[in-house]
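Please read them with the coordinates open.

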Amino acid sequence: MSDTAKKPRRKVAQKKTTKSAASAQAVVKNIVSAAVAGADVTNAQLIARRNAAVARGVASAAPIYAQYAENAELWDVEGNRYIDFVGGIGVLNTGHRHPKVIAAAKAQEDHYTHTSFQVVPYGPYIELAEKLNALAPGDAPKKTLLVTTGAEAVENAVKIARAATGRPGVIAFTGGYHGRTLLTLGMTGKVSPYKKGVGPFPADVFRAPFPSVRDGITVEDAITGLKNLFLTDAEPSRVAAIIIEPVLGEGGYTPVPFEMMHQLREICDQHGILLIADEVQAGFGRTGTWFAIEHSGVVPDLITVAKSMAGGYPLAGVIGRADVMDAMEPGGLGGTYGGNPVACAAALAAIEAIEDEGLLARSTAMGETLKARFAEIGARSAPYRFWDIRGLGAMIAVEFVTDFDSAKPDADFTKRVIAHALKRGLLLLSCGMHGNAVRVMVPLTASDAVVEEGLSIFEAAVQAALAEEA
Ligand SMILES: Cc1ncc(COP(=O)(O)O)c(C=O)c1O
């Protein structure tokens, strides 16, 4: 952390400032100082305690410990400020602690926090289901199931598809990420670090190729690969569902070409297979539309949702055609915490914030700015290292290579850029099959000034990583 970005530790605002006298900025500064002053521990102390107490398999990208966060900014327990381009891995399209989300959650907490929808149901679950059914693309009537995590949503989408079709098979794609439970790991198309040493995975999960410029796989090749799969391993009449992320998340922020999405829809219709869009990372405004699949005009049968739906609270769901969603017997779906009322209230408020604050349009505009600024930064600092800048809306990634001609993925450079950014006060996260892309999930509510500050730090981090090689 540079000295300029570092805030004095445990410095509480001493002087009482009247609201009328203080600027909004000063008020925020005081709140932050007070919140940070509450921390009586250092990052190093927490690292030591964590190493002794927390399972090694839970990795953390940054060696800092959170103390306070607001919108697109976060302070650690030592008072260091960070601009957050990660948003808790795509969870915070409406920012840290959006006032509407916090107010709705607090109001719900004053009534009840848990009854289990399976025992005593409640209104916020219904209201959210109605809202999601209305937002999901397509004219057919919809129904919704609420659960807690993205992986659970994907597992349930597969269960529903199997029940609706009476078939076992599921087809997923190379580079796809669907979660860390055993079924979703079976569907996840990236070995390291997720799948190492924890197989075997459930049967009847098949993998088709995802188009890749890097690997020279065109849409035509990918569709041929899928059709070959039908001939070699996955008899189409035994396939319940094809699941695809409309924009690969962990796999590298690569959008599915629209033409491919249309062909998948046709193939599904031809064989009575259900099409599942996994919108866990790409949904809720990240790409400039409620759901990323809307860009293609294709209507899926089922959609899995989570992350930014509830503005920081654990909530996920499956939205789908009512006839498909109703395939399972009562009692076949659910879970003790599924559709927690506080999380439902938060989700309703987050959705309202996206609507009221025009965050879909903001996402599109932010995406254009990010792409243009990354191109500029690349051209200025290292054109031969920026191999690709891609994405939809504000779901943008920059891919680094050792040199433009060989296009060899440079995971080491990527790691160093992320480390230099952290030192300078910017949180970044990698993605991609080769770990050589940096993805941007900055809250859509972030001000232009904060986004610009983050981009300047990114540029400084790229230059610092390059300087190490000189
Ligand atoms: C597309 C996609 N599906 C599913 C998941 C799993 O979600 P969770 O981590 O909430 O289980 C993720 C998580 O990153 C994801 O990006």
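1. Burial is used as follows: a residue is buried if 20 or more other C-beta atoms lie within 10 Å of its own, exposed if 12 or fewer, and partly exposed in between, with C-beta atoms placed from the backbone. Ile 89 is partly exposed, because 17 other C-beta atoms lie within 10 Å. Ile 89 belongs to helix α3, residues 87-90, and has a positive phi of about 65° although it is not a glycine. Helices (H or I, at least four residues) and strands (E, at least two) are DSSP runs, numbered from the N terminus.

2. On provenance: this is a predicted model, in which local features need pLDDT of at least 70, side-chain atom pairs count only at pLDDT 80 or more, and totals for chains, interfaces and linings use all residues. Residues are numbered from 1 along each chain as its sequence is written.

3. Lys 307 also has a positive phi without being a glycine, here about 40°. Lys 307 sits in the loop between β9 and β10 (316-321). Is Lys 307 buried or exposed? Lys 307 counts as buried, because it has 28 C-beta neighbours inside 10 Å.

4. Pro 193 is in the loop between α7 (182-187) and β6 (205-208), and Pro 200 lies in the loop between α7 and β6.

5. The ligand is surrounded by 15 residues, the closest being Gly 150, Ala 151, Gly 179, Val 280 and Gln 281. A residue is near a molecule if its C-beta atom, placed from the backbone, lies within 6 Å of it. Helix α6 (residues 150-165) supplies the largest share of this shell, three residues. The shell divides into six nonpolar, six polar and three charged residues. For these classes, Ala, Val, Leu, Ile, Met, Phe, Trp, Tyr, Cys and Pro count as nonpolar, Asp, Glu, Lys and Arg as charged, and the others, Gly among them, as polar.

6. Ala 282 is in the loop between β8 (274-278) and β9 (302-305). Ala 282 is buried, because 31 other C-beta atoms lie within 10 Å. Beyond its neighbours within four places in sequence, Ala 282 is in contact with Glu 245, Pro 246, Val 247, Gly 249, Thr 287, Ala 292 and Met 395; two residues are in contact if their C-beta atoms, placed from the backbone, lie within 7 Å. Gly 249 is 33 residues from Ala 282 in sequence, and their C-alpha atoms are 7.2 Å apart.

7. Val 324 lies in helix α10, residues 322-325. With 22 C-beta neighbours inside 10 Å, Val 324 therefore counts as buried. Leaving aside neighbours within four places in sequence, its contacts are Ile 160, Ala 164, Leu 274, Asp 301 and Leu 302. Ala 437 is 113 residues from Val 324 along the chain, and their C-alpha atoms are separated by 37 Å.

8. How do α8 and α9 pack? The axes of α8 (residues 219-232) and α9 (residues 258-271) come within 10 Å and cross at roughly 25°. Axes are lines fitted to C-alpha atoms, for helices over the stretch in contact, and angles run from 0 to 180 degrees between N-to-C directions. The two helices α8 and α9 are therefore roughly parallel; angles under 35 degrees count as roughly parallel, over 145 as roughly antiparallel, 65 to 115 as roughly perpendicular and the rest as oblique. The contact involves Val 219, Ala 222, Ile 223 and Leu 226 of α8 and Glu 259, Met 260, Gln 263 and Ile 267 of α9. By class, these residues of the α8 and α9 contact are six nonpolar, one polar and one charged.

9. Helices α13 (residues 411-423) and α14 (residues 448-467) pack at about 125°, with axes 8 Å apart. α13 is therefore oblique to α14. Phe 413, Arg 416, Val 417, His 420 and Ala 421 of α13 meet Ile 457, Phe 458, Ala 461, Val 462, Ala 464 and Ala 465 of α14. The contact of α13 with α14 has nine nonpolar residues, one polar and one charged.

10. The axes of α12 (residues 359-381) and α14 come within 11 Å and cross at roughly 25°. α12 is therefore roughly parallel to α14.
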